[in-house]
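Thanks for coming. I have one structure to go through today, so let me put it on the screen.

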Amino acid sequence: MTPAKPLKVALLGCGVVGSEVARLLLGSADEFQARSGRRLELVGIAVRSLAKERPGIDRELLTDDAAGLVGRRDVDLVIEVMGGVEPARSLILTAIGHGASVITANKQLLAQDGATLYTAAAEAGVDLYFEAAVAGAIPIIRPLRESLVGDEITAVKGIVNGTTNFILDKMHTEGSSFAEVLAEAQRLGYAEEDPTADVEGLDAAAKAAILASLAFHSRVKLDDVDCEGITRVTASDVATAKELGYVIKLLARCALAPDGSISVGVHPTMVPASHPLANVSGAFNAVFVESRHAGQLMFMGPGAGGSPTASAVLGDVVTAARNRVRGASGPGESSYSARPITPRGQVPSRFYLSLSVEDEPGVLARIAAAFARYQVSIQAVRQESELDRPQGQGAKLALLTHAARVSDMRAALEDLQALPDVRGDVTLMRVEG
């Protein structure tokens, strides 16, 4: 009996993740053949520079002609781990057009123009898998896309950026400042030299868009995500949150509103210390899912790194290979609900405010009146002890509100900042629960 032809695999990108994917494909060929039912033959790796040393990888596989590689009509599977929107989008569309199934870890592309890729894959009858695009090794895409498709998901909340979680966790446990911990994260390799995408919440926002799209069967794009980073979180905020029984996390939150619309946001959020997400430490990621019938589900694990992300990529490779062997394809885009996005000002939340005020009679009454004008109800007020503040520096207040619309809270905030009793800026942060 003639052995079945191997499935030919092309790899786009050979950085931290790509090089690990290549080494595993080359070093564990027999194992992947047993899992997928056909031998997987890596036929080319597209790279930017051919001069760079890549230990353990045959230089004959390397090419700087990515377009030529994906244009090969004998390629069955294309793995894209190069990142960025272009040329990744064009290369993926070329591969799909030639009948190849695609495995990608490209969160930015999926969040900005996933619909184009879904449509192309459906028309070509090939697979598009992207487990590694959100939360590294954590299997969250497949549960949302397949396992929970018979349920109704009401909310997805996640810590989906390891860099910011490392920073906030260190600030919580050691009392360090944001700048101090960011510098440490850069020294340890948890943060890039330019950490903007992480600390401004942009990386998490792309992942939130993908999660919301899958959870609510609607097309959610990056522009739909209300995004705020952690650069303004201070050691004082973290300490006050701790005293009040909360932990500050950069939380991606996707929720189904009573009117059927969906809200998607990424914000520094005070999470109750009793909540499972509050205990996610270091550079770990976690996703918390709430659904009508399954209830509450928690997924946690390494959110980045070569080996963890390569694990997710190769899981998709094996699945796509099995589909090729069976002559079938996996699930396509699920966008039948087409739910609208909740206007950002209409999204409800509880809030935490920290402000410095004059220490004199009537101040609390005037603050309460500013809240009352916009139907914002105060749940609790905490005043810093006079012993903790030098004489003449007024008083510092920390307030927790009941749930209020974002637009009402911001209007009340403007009135607060206009009061002569209030000194300087007011810190505003969302509160989970």
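Which residues line the second largest cavity? Keep in mind that this is a predicted model. The lining consists of Tyr129, Phe130, Glu131, Ile141, Arg142, Arg145, Glu146 and Asp316. Helix H6, residues 141-147, supplies the largest share of that lining, with four residues. By class, the lining of this second largest cavity has five charged residues, three nonpolar ones and no polar ones. Its volume is about 40 Å³.

How many cavities of 30 Å³ or more does a search of the whole structure find? The search finds two.

That brings me to the other one. The largest cavity has a volume of about 50 Å³. Around the largest cavity you will find Tyr118, Ser213, Leu214, Ser218, Glu333 and Ser334. Here the classes are three polar residues, two nonpolar and one charged. So much for the cavities.

Next, a helix. H12 covers residues 306-326. Asp316, one of the residues lining the second largest cavity, falls in that range.

What comes after H12? The helix is followed by Gly327, and the phi of Gly327 is positive, near 70 degrees.

Technical notes
Residues are numbered from 1 along each chain as its sequence is written. This is a predicted model: local features need pLDDT of at least 70, side-chain atom pairs count only at pLDDT 80 or more; totals for chains, interfaces and linings use all residues. Side-chain values use heavy atoms; hydrogens and water are left out. Helices (H or I, at least four residues) and strands (E, at least two) are DSSP runs, numbered from the N terminus. The expected span of a helix is 1.5 Å times one less than its number of residues. On a 1 Å grid over the protein atoms alone, a cavity is a set of points where a 1.4 Å probe fits but cannot get out, and a pocket is an open set with protein on both sides within 12 Å along at least five of seven lines; lining residues have an atom within 4 Å of a point. Grid points are joined across faces, edges and corners, and a volume is the space filled by probe spheres set on the points. Ala, Val, Leu, Ile, Met, Phe, Trp, Tyr, Cys and Pro count as nonpolar, Asp, Glu, Lys and Arg as charged, and the others, Gly among them, as polar.
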